[in-house]
Amino acid sequence: MMNCPKCSGDMEVSAYDEVKVDRCTHCGGLWFQADELARLRQDTWMADYILDTGDPHEGRKFDRVHSISCPDCGAVMREEFDEDQPHIVYEACPQGHGTFLDAGEFTDLVHHTFWDRFKRMH
Ligand SMILES: [Zn+2]
Ligand SMILES: [Zn+2]
């Protein structure tokens, strides 16, 4: 059983199709392995409702916690700004093991991406 890299709470596995994401039972943060986040962003139908069940207010509190370590290799994760939505900052392993998103951030990411795409079509 994995522990949350941010608050060291217990992580539970939450599945969306064949993608399994670890979610913290304490802060609601989500750990996406390697390309899981990229895959879910392309196929986002309900993924946020199923996976991102944490309280965004809690998530915002934990957004201030920095310098966390990768649960896989222990390397200090670096902060990355989302290309499309620079207001969303997440932590990524420098070795590419995965990405950590605070509660509510995945929903934010998915929804804005959807609306941006919608607007581009019109
Ligand atoms: Zn946590
Ligand atoms: Zn790593």
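Ser-8 lies in the segment before strand 1; strands (E, at least two residues) and helices (H or I, at least four) are DSSP runs, numbered from the N terminus. This is a predicted model, in which local features need pLDDT of at least 70, side-chain atom pairs count only at pLDDT 80 or more, and totals for chains, interfaces and linings use all residues. Residues are numbered from 1 along each chain as its sequence is written, while chains are lettered from A and ligands numbered from 1 in the order in which they are written. Altogether, the protein chain comes to four helices and six strands.

- Ser-8 has a phi near 60°, which is positive even though the residue isn't glycine.
- Ser-8 counts as exposed because it has 12 C-beta neighbours inside 10 Å; the scale runs from exposed (12 or fewer other C-beta atoms within 10 Å of the residue's own) through partly exposed to buried (20 or more), with C-beta atoms placed from the backbone.
- Ala-34 sits in the loop between strand 3 and helix 1, and its phi is also positive, near 30°.
- With 14 C-beta neighbours inside 10 Å, Ala-34 counts as partly exposed.
- As background, most residues other than glycine have a negative phi.

**The overall layout**

- The six strands make an open sheet in the order 1-2-3-6-5-4, with antiparallel pairing; two strands pair if DSSP finds at least two bridges between them.
- At the edges are strand 1 (11-16) and strand 4 (78-81), each of which pairs on one side only.
- From one strand to the next, the twist averages 30°, using axes that are lines fitted to C-alpha atoms (for helices over the stretch in contact) and angles that run from 0 to 180 degrees between N-to-C directions.
- Of the contacts with a separation of 6 or more, 52% are between residues 24 or more positions apart; a contact here needs C-beta atoms, placed from the backbone, within 7 Å.

**How the strands pair up**

- Strand 1 and strand 2 run antiparallel and are joined by six bridges, with Tyr-16 opposite Val-19 in strand 2.
- Their hairpin has two residues between the strands, and Asp-17 takes a positive phi near 50° there.
- Strand 2 and strand 3 pair in the antiparallel sense over two bridges, and Asp-22 stands opposite Trp-31 in strand 3.
- In the hairpin of strand 2 and strand 3, with five residues between the strands, Gly-28 takes a positive phi near 80°.
- Strand 3 (residues 30-33) and strand 6 (residues 98-101) are antiparallel too, joined by four bridges.

**What's inside**

- Buried residues make up 34% of the 122 residues in the chain.
- The largest nonpolar core has 22 residues, and Leu-30, Trp-31 and Phe-106 have the most contacts inside it; such a core is a set of buried Ala, Val, Leu, Ile, Met, Phe, Trp, Tyr and Cys residues joined through C-beta atoms within 7 Å.
- Strand 2 (19-24), strand 3, helix 1 (36-42), strand 6 and helix 4 (105-121) each supply at least two residues of this core.
- Leaving aside residues up to four places away in sequence, Leu-30 touches Val-21, Arg-23, Leu-51, Asp-52, Leu-101 and Phe-106.
- In soluble globular proteins, nonpolar side chains tend to be buried together.

**A look at Val-13**

- Val-13 is found in strand 1, and it's exposed because 11 other C-beta atoms lie within 10 Å.
- Not counting residues up to four places away in sequence, Val-13 touches Lys-20 and Asp-22.
- The C-alpha atoms of Val-13 and Met-1 are separated by 9.3 Å, with the two residues 12 apart along the chain.

- The mean pLDDT of the chain is 86, and 89% of its residues reach 70 or more; pLDDT is the predictor's confidence in each residue, from 0 to 100.
- Among the elements, strand 6 has the highest mean pLDDT (95) and helix 4 the lowest (72).
- Where pLDDT is low, the predicted coordinates should not be read in detail.

Methods:
Two residues are in contact if their C-beta atoms, placed from the backbone, lie within 7 Å.
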